[in-house]
Amino acid sequence: MQLDEVADIGGIIGTTVSAVFLLIIGIANLIVLKGIWSAFKRVRRGETIVDEDLDALLAGRGLMAKDLPARLSCRSCSWHMYPIGFLFGLGFDTATEIGLLGISAMQAAQGMSFWTILVFPALFTAGMSLMDTTDSVLMTGAYGWAFVNPVRKLWYNLTITAASVLVGA
């Protein structure tokens, strides 16, 4: 078997696994969305919603909601999650990162010096830091808005879950 054939088969398998994973996540979020939508309809009919009941509804959803807290119980401080996030970050190859590697390889083949090529990863890091910081600031504002009021919290969760269903489908 030629290397090109192996690459083609690997590409098909990788795409299939990614598509199936996204579909499973979309279906799981659709199930969660159904529960949030029914709670939202009850609120719109005029039923009162207690913050503790809403927290119980939102905490008990999802496929791993019961298993994950037990697995993460040894993480008592927020910084304990840093190594886990670091390992996740090493495992994800984004399209931008792959494009960066392609540009770097092309420039190296054309004779650009090694030290000049190192500018590309530095720019990628700076751009990701800027985007992640902007995302964090915006999401902190959204959380602050949503968690003041139980109805807002319900609306926020409904919107975010619906968006994740649309992206996963």
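1. A residue is called buried under 20% relative accessible area, exposed over 50% and partly exposed in between (1.4 Å probe, protein chains only). By that definition, buried residues make up 13% of the 169 residues in the protein chain. A word on the basis: this is a predicted model, where local features need pLDDT of at least 70, side-chain atom pairs count only at pLDDT 80 or more, and totals for chains, interfaces and linings use all residues. Numbering starts from 1 along each chain as its sequence is written, and side-chain values use heavy atoms, with hydrogens and water left out.

2. On the fold, the protein chain has eight helices and zero strands (DSSP runs numbered from the N terminus: H or I, at least four residues, for helices; E, at least two, for strands).

3. Do have a look at the largest nonpolar core, which consists of V32, L33, I36, A39, F40, V43, L154, L158 and V165. Such a core is a set of buried Ala, Val, Leu, Ile, Met, Phe, Trp, Tyr and Cys residues joined through side-chain atoms within 4.5 Å. Two or more residues come from each of α1 (3–44) and α8 (150–168), and α1 gives the most, with six.

4. Lastly, F124 sits in helix α7 (residues 119–146). F124 counts as partly exposed because its relative accessible area is 21%.
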